[in-house]
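The following paragraphs walk through one protein chain, part by part. Please keep the sequence and the structure in view while reading.

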Amino acid sequence: MIRYTIAAALLSLSLTGCASGRFGPAADTEVPKGPHTLKKLSVEERHQVMQRARVWQAIDTSSLDLIKGPALPADLRIGAETACTFVFPDKPLSGMTPKFLCALDKDDQAKVKYGEKNGEVYAEVAASRLLWALGFKADVMVPTHVTCRNCPADPFAASAIDWPRGSPSSVATRVFDPAIIEREITGNSVEVPGYEGWAWPELDQIRPRGGAATRAQIDAFKLLAVFIQHSDSKPGQQEIVCAERRNRKDAKGNETCDAAWLVIKDLGGSFGKATRFNTSKMTLADWAGAGVWKDGQTCVGDLPRSLTGRFATCSRCRRSRSAAKRSKVRTGASGKSLSMTGCACSSGSVPRSCPRAARWMIGAWPQSSVRNRRHLPVPAQRVRQPHLPR
C-alpha cells in the first residue's frame with residue numbers, strides 16, 4: 001500500500017508540475033502562436049480576465065436544501081442508483097484517491113470517486129455544499145450507488161499507475177458504494193499554455209471594478225478556504241471559469257471572457273489538516289486541531305499546504321485611517337514574503353476588526369466559543385465516517 005501511495009504521488013506530481021507557479025504564470029511565458037483561445041491566452045490576457053473575475057454571488061441560504069444539494073438540469077441529474085460503463089482514459093488520472101471515468105451514455109462521461117475509506121467521498125460533498133450555500137461557485141457532487149459495467153477489479157489502478165499497460169481485459173460488472181459523481185459547473189476553462197488554474201496570492205491583484213470581486217468577498221473566500229482546511233491548494237486545484245455564453249471571439253479567432261469565476265475545483269482534501277501526502281481528509285480530530293488564525297493579534301488566517309509548503313491568507317480588516325498599516329506575511333518553503341494588508345486587533349480573542357468576513361464565517365457560534373480560536377468547537381475524538389444521504 002505504501003509503495004502504491006508513493007508511486008501515485010510521484011505520478012500526480014509529474015502530471016501537475018506544469019502548474020506549480022506559486023504566484024501565477026511567469027511573466028516571461030512565451031506568447032502562444034495562432035488564435036488566442038480561452039485555453040491559449042497570453043499572461044497579460046489571462047490577467048485581464050482575472051481582473052474582471054468574481055468569487056461570490058448573493059444567495060438566499062435559508063431557502064436551500066443542503067441534503068439534496070444544488071438543482072441540476074434534467075439531463076444531468078443523478079439518482080440514488082447509477083449505472084455506467086467504465087472508460088479507459090486518454091491519459092493517466094492524477095491524484096492519489098480512488099476514482100475513474102464512467103460513461104452514463106454516449107454523450108455523458110462523468111468522474112466517479114469511491115470507497116468507504118476514501119475521505120474525499122465525504123469531504124467533496126460537505127465542502128462543495130458549504131461553498132454553494134454561502135454563495136461561492138463549486139462543482140456539484142452527488143452521492144450515488146454506482147453499478148459499473150466492463151469494470152476492472154481496481155478501476156483507479158487501471159486508470160492511473162497501471163495505465164501504461166493499456167485497457168484492462170479482465171472486466172466485470174462491479175458495484176461501488178459509497179460513491180459520488182461529479183457534475184462540473186457550466187463554462188469554459190481559462191488557461192495559459194503550461195499553466196492551469198490560479199494561485200491564491202493572485203487574488204490580491206484583483207481590483208473591484210465593473211462587477212469584479214470586492215475585497216470583502218475575496219477575503220471571505222480566503223477565510224472559507226482556511227475554515228475547511230483546503231490544504232491541497234496548488235494552482236491546479238483551482239480554476240478560472242468563463243461563465244456560459246460570456247466568451248467573445250473576433251474575426252481572427254481570438255477569444256476573451258467578460259465574466260469569469262474563480263473556483264476551487266478540488267475540495268477533496270477538506271476537513272482535515274495538511275500532511276506530507278495530503279492524507280488527512282474528513283478527519284474531524286485533525287480538523288478540530290487545525291488553527292484558523294495565524295495568531296491572536298492580527299486578522300490573518302493560517303492555511304498550511306500539503307507537501308509544497310505553506311501560505312497565509314489575510315482577511316482584510318475594516319480599518320480606520322489611523323489603524324491601517326502594511327505587514328509582511330511569511331509564505332512558502334522558499335521563505336519569501338507576500339505583502340498583504342493587515343491591522344492590529346485586540347488581544348485574546350478572534351480579531352474584532354474583521355466583522356465582514358471573519359464573523360460572517362464563524363458567526364454561527366456564540367462569541368464565547370470563538371475566543372482564542374486556535375481550535376474549532378468540534379469534538380476532538382475521531383468519529384466514524386457518516387453515511388452519505390441519497
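Helix α3 is largely enclosed by the rest of the structure, because 14 of its 16 residues are buried. In this predicted model, the helix runs over residues 119-134, and at 1.5 Å a residue it should span 22 Å; its end C-alpha atoms are 23 Å apart, which agrees. An α-helix has 3.6 residues a turn, so residues three or four places apart point the same way. After α3 comes Gly135, which has a positive phi, near 100°.

The loop between α3 and β4 (140-143) holds Phe136. Phe136 is buried, with a relative accessible area of 3%. A pair of aromatic rings is described by the distance of the centres and the angle of the planes. By the rule used here, the count comes to eleven aromatic pairs. Since Phe221 lies in helix α5 (residues 215-228), the pair ties together parts that are 85 residues apart in sequence. Phe221 is also buried, its relative accessible area being 0%.

Elsewhere, Phe86, Phe100, Tyr114 and Phe176 form one aromatic cluster. A charged residue also meets a ring: Lys137 lies over the face of Trp261, at 4.9 Å from the ring centre.

The cysteines come next. A disulfide is a covalent bond between the sulfur atoms of two cysteines. A search of the whole structure finds three disulfides. One of them joins Cys84 to Cys102, with 2.1 Å from S to S. This pair links distant parts of the chain, with Cys84 in strand β1 (residues 81-87) and Cys102 in strand β2 (residues 99-105), 18 residues apart. The link of Cys84 and Cys102 is right-handed, with 90° about the S-S bond, and both cysteines are buried.

Another disulfide joins Cys148 to Cys151, with an S to S distance of 2.4 Å. The link of Cys148 and Cys151 is right-handed, with 90° about the S-S bond. Cys148 and Cys151 are both buried.

Cys242 and Cys257 also form a disulfide, with their sulfur atoms 2.3 Å apart. Cys242 lies in strand β9 (residues 238-242) and Cys257 in strand β11 (residues 255-257), so the pair ties together parts that are 15 residues apart in sequence. The link of Cys242 and Cys257 is right-handed, with 100° about the S-S bond. Cys242 and Cys257 are buried.

Ile180 lies in strand β7 (residues 179-183) and is buried, with a relative accessible area of 0%. Between Ile180 and Val140 there are 9.8 Å in space, C-alpha to C-alpha, while the two are 40 residues apart in sequence.

What remains is the chain as a whole. How many helices and strands does the chain have? There are eight helices and 16 strands. Of the 390 residues in the chain, 49% are buried. Among contacts between residues at least 6 apart in sequence, 70% join residues at least 24 apart. The accessible surface of the chain comes to about 19000 Å², and 52% of this belongs to carbon and sulfur atoms.

Technical notes: Residues are numbered from 1 along each chain as its sequence is written. This is a predicted model: local features need pLDDT of at least 70, side-chain atom pairs count only at pLDDT 80 or more; totals for chains, interfaces and linings use all residues. Side-chain values use heavy atoms; hydrogens and water are left out. Helices (H or I, at least four residues) and strands (E, at least two) are DSSP runs, numbered from the N terminus. Buried means under 20% relative accessible area, exposed over 50%, partly exposed in between (1.4 Å probe, protein chains only). Contact means heavy atoms within 4.5 Å. Accessible areas come from the Shrake-Rupley method with a 1.4 Å probe; for residues, only the protein chains shown count as cover. A disulfide is a pair of cysteine sulfur atoms within 2.5 Å. The expected span of a helix is 1.5 Å times one less than its number of residues. Rings of Phe, Tyr and Trp (its six-membered ring) pair if their centres lie within 6.5 Å; planes under 30 degrees apart count as stacked, over 60 as edge-to-face and the rest as tilted. A charge sits over a ring if NZ of Lys or CZ of Arg is within 6 Å of the ring centre and within 35 degrees of the ring normal.
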